[in-house]
Amino acid sequence: MHLFYTPDITTNEYTLPEEESKHCVKVLRLEVGNEIFLIDGKGGFYRCEIIQAQPKRCEVRCVEKTEEYGKRAFHIHIAIAPTKNIERIEWFLEKCTEIGIDEITPLLCDHSERKVIKEDRLEKVIISAMKQSLKAYLPKLNPLTEFSRFVKNNPSTLQCIAHCDEGYKKSLQEIYQPGQDITILIGPEGDFSGNEITLALENNFIPVTLGESRLRTETAGIVACHSINFMNEIKHKSQMK
């Protein structure tokens, strides 16, 4: 399946952007009459036929459109501190997009080693992973946000913070009900500071554990994302029986 990201598609006939046209015609060697698929990042999934195959201007006609393709009944928002090695957070974005995530907020924390990110570069990673995993919804990437500002202004149904400090914590399985919207905070390499943990608890974030092992930042984010998706999948399968 040849899949292209076309966020501005609005009509039955559409011209691929020049870069996508070149990839379609020059790299993939597709011709008039060949079938391709388009996604708009907002749930639209389009089956199309090539009607003009030019390297700078590949035109297609929409044969079939599916709305809300792969739409889910829950929302996963992970707010995570970018790692010093940016490739590790890119890996997190790639894998969570493949698994299923709706929103990501990079967090600026007291112990953050990385205080600047290139949003355009991270957006490209997300788009590539969305296409690879055949998803029609583009996860929302928010700007880098200060921790205190984020925890005071997050409206999620269920709010959790995964930290390494001592004290009683619940597992996600104990507190999460499939179908709920959830926000999970994941700290930097040096973990959240004591002040940040206190502030989060004061703003109704529940402390959670992601298992017995001490996880890297990006691994913790992926484990959290997979756990929520897995619980929803199990519930969905039980309802189908």
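Modeller: Accessible areas here come from the Shrake-Rupley method with a 1.4 Å probe, and for residues only the protein chains shown count as cover. On that basis the protein exposes about 13,000 Å², of which carbon and sulfur atoms supply 47%. This is a predicted model, in which local features need pLDDT of at least 70 and side-chain atom pairs count only at pLDDT 80 or more, while totals for chains, interfaces and linings use all residues. Residues are numbered from 1 along each chain as its sequence is written, and side-chain values use heavy atoms, with hydrogens and water left out.

A search of the whole structure finds 3 aromatic pairs (Phe, Tyr or six-membered Trp rings with centres within 6.5 Å; stacked under 30 degrees between planes, edge-to-face over 60, tilted for the rest). The rings of F45 and Y69 have centres 4.3 Å apart and planes at 20 degrees, so this pair is stacked. Because F45 lies in strand β4 (residues 45-54) and Y69 in the loop between β5 (57-66) and β6 (76-80), the pair ties together parts that are 24 residues apart in sequence; strands are DSSP runs of E, at least two residues, and helices runs of H or I, at least four, numbered from the N terminus. F45, at 8% relative accessibility, counts as buried, whereas Y69, at 32%, counts as partly exposed (buried is under 20%, exposed over 50%, partly exposed in between; 1.4 Å probe, protein chains only). F37, F45 and Y69 form one aromatic cluster.

Elsewhere, F147 and F192 form a tilted pair, 5.3 Å centre to centre with 50 degrees between the planes, and both residues are buried.
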